[in-house]
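Please look through the sequence and the structure shown here before reading the notes below. They are grouped by topic.

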Amino acid sequence: MSDDPAQSPHPVRSEHTEHVGHAQHPALERHCDVAVIGGSAAGLAAALQISRQRRSVLVVDDGTPRNAPAAHMHGYLGHEGVPPGELTEAGRAEVRAYGGEVLSGRVVGVHRRDDGRFRLDLTGGHVLVARRVLAATGLSDELPAIDGVAEGWGRGVIHCPFCHGFEVRDRRLVQIVTHPLGLHPTPLFRHLTERLTVVLHNPTGLDREAVEDLAASGVAVERGEVGRVLTGPDGEVSGVELGDGRVLEADAVAVGPRFRARADVLAGAGLGTTPHRSGAGDVLAVDPRGETAVPGIYAAGNITDPSLQVLPSAAQGSQVGAVIAFSLAEEDLRAAVRHSGEQADWDHRYGGPDRAWSTNPNGTLVHEAGALAPGRALDVGTGEGADALWLAEHGWKVTAADISGNALARVRAEAERRGLAVELVRGDVGDPAPFGTETFDLVSLQYGSFKRTPDQRGLRSLLAAVAPGGTLLVVHHDLTPLREPVDVAAQSRMYDPEAFVGVDEIAAALSADPGTWRVEIHETRPRPPGAASTHHVDDVVLRATRRAV
């Protein structure tokens, strides 16, 4: 494809526009089968289920999980005591292994389109269009306005006996009750430590009999407001100061927060929250299958149930992900189609009235292929065909492959206009035998992207297409800037490089088989200047030769 984007609202390769360091990020619109809002346990578990069903999944995560303050998570079989971030990173890697993308960004609104799909507006002006939406945004804990509670939240100030109870066993624990539900975990805390004091900061609506039972069981009960939570020189909780000035010594403090489902982004689709039966907050109501009152929008995790720890949240996400996969499959069955979300995404990018890229071939291809004797060439991810057409003009017998039928239609039209013969192949690199059985003297992958699979089918097909004595030329952007943090309040990343097979991964496969491959170039270099290149950024260039039999 060309490396010089024309003025188009639908760039074909999102990485072209995002990594180059420009202050302005062109607004992009991507299409997928399922958009998942929220990339913690529930969202990632659902995305894994769905991506394993060969559906295109885009997870949008703004990096604000409910358990962010916690150093460790508990009660997750096989992952006991693991930091939450480690589980998240492992989950992301598993989703990406099946081609699911995890985008750093923030969804600011969801609306149903006239065609039944959903439009998700993201920061930066970007848009996702999805057949299904899963909300896994969790909830926000609304802490009581007591000095020191927020500062110690998730560490010395806890709320869940299952999440943190064992860690405060036999220690001095002060439980501050601020609403009627606050007494619910008290029997568990009483069992974990005999040094428990319950402070009725707000006794409104409390079950008087339950309070009396606590006192009768030997639990110290204080009636009165709390002034603040105290900490020692080491920053650890040291006590609770009451409104009358008395101090209760403590090693930890338990507080039951109120909670609010993070469902505001769904208001545009006609969804709102409902009061939780406890009276301590609200949730997003779903049916037993995880579907909301709006068909096609699902939810999983704490947004539906505040009591779910990480393990049941992941389990619910996995279950709802399976339900979504079934709903898509049944819809396609009724329509007698086998829908490809990846094809739909790329077809949209080439579906506008204007060209996505210029007619210039890529400078590196011109430089490297210019020294080769013309033969059979395969241009993988040809886009609008600038590279394929240049090769054909210089004596090569060219096969141009792309997942997008719209892109190939443009190649066909331009080839006919120039009187050039180019064979066109529509398909995904990850398809079985995507290029047939023929091999090629030159296989070119210029800024192309194809999704990962655990069996590396796409990578194996790419390498197998190179004939003995033939050349593999892979050029891609240096994606280092894409790994820099992004302010999700202002901008969303619309491309996840970790979900795609990268040039370094291809190089590693070649280096692992020196009996078959000779790597001649693997380096980062400035993109060639001139008419064929207008963005002066770094490229990673890989050129290798398959050894002759």
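This is a predicted model: local features need pLDDT of at least 70, side-chain atom pairs count only at pLDDT 80 or more; totals for chains, interfaces and linings use all residues.

Which residue lies over the face of Trp346, and at what distance from the ring centre? The residue is Arg349, which is placed over that face at 4.3 Å from the ring centre.

**Aromatic rings and charges**

- Besides the placement of Arg349 over Trp346, there is Arg169, which lies over the face of Phe166 at 4.0 Å from the ring centre.
- When the whole structure is searched for aromatic pairs, one is found.

**The seven-stranded sheet**

- Seven strands form an open sheet in the order E22-E21-E20-E23-E24-E26-E25, and their pairing is mixed.
- At the edges are strand E22 (422-426) and strand E25 (517-526), each of which pairs on one side only.
- From one strand to the next, the twist averages 15 degrees.
- Strand E25 runs antiparallel to strand E26 (residues 538-546), and nine bridges join the two; across this pairing, Arg525 stands opposite Asp539 in E26.
- Helix H14 (residues 503-511) packs on the sheet, where it touches strand E23 (440-446), strand E24 (466-477), E25 and E26, and the direction of H14 makes about 25 degrees with that of E26.

**Helices H13 and H14**

- Helix H14 also meets helix H13 (residues 457-464): their axes come within 11 Å and cross at roughly 65 degrees, and the crossing is right-handed.
- On the H13 side the contact involves Leu459, Leu462 and Leu463, while on the H14 side it involves Glu505, Ile506, Ala509 and Leu510.
- Sorted by class, the residues of this contact comprise six nonpolar, no polar and one charged.

**Helices H2 and H8**

- For helix H2 (residues 41-51) and helix H8 (residues 310-335), the axes come within 7 Å and cross at roughly 35 degrees, again with a right-handed crossing.
- Helix H2 contributes Ala41, Ala42, Ala45, Ala46, Gln49 and Ile50 to the contact, and helix H8 contributes Val310, Ser313, Ala314, Gly317, Ser318, Gly321, Ala322 and Ile324.
- The contact of H2 with H8 has nine nonpolar residues, five polar ones and no charged ones, whereas the contact of H13 with H14 includes one charged residue.

How values were computed: Residues are numbered from 1 along each chain as its sequence is written. Side-chain values use heavy atoms; hydrogens and water are left out. Two strands pair if DSSP finds at least two bridges between them. Helices (H or I, at least four residues) and strands (E, at least two) are DSSP runs, numbered from the N terminus. Axes are lines fitted to C-alpha atoms, for helices over the stretch in contact, and angles run from 0 to 180 degrees between N-to-C directions. Contact means heavy atoms within 4.5 Å. A crossing is left-handed if the near helix is turned anticlockwise from the far one by less than a right angle, and right-handed if clockwise. Ala, Val, Leu, Ile, Met, Phe, Trp, Tyr, Cys and Pro count as nonpolar, Asp, Glu, Lys and Arg as charged, and the others, Gly among them, as polar. Rings of Phe, Tyr and Trp (its six-membered ring) pair if their centres lie within 6.5 Å; planes under 30 degrees apart count as stacked, over 60 as edge-to-face and the rest as tilted. A charge sits over a ring if NZ of Lys or CZ of Arg is within 6 Å of the ring centre and within 35 degrees of the ring normal.
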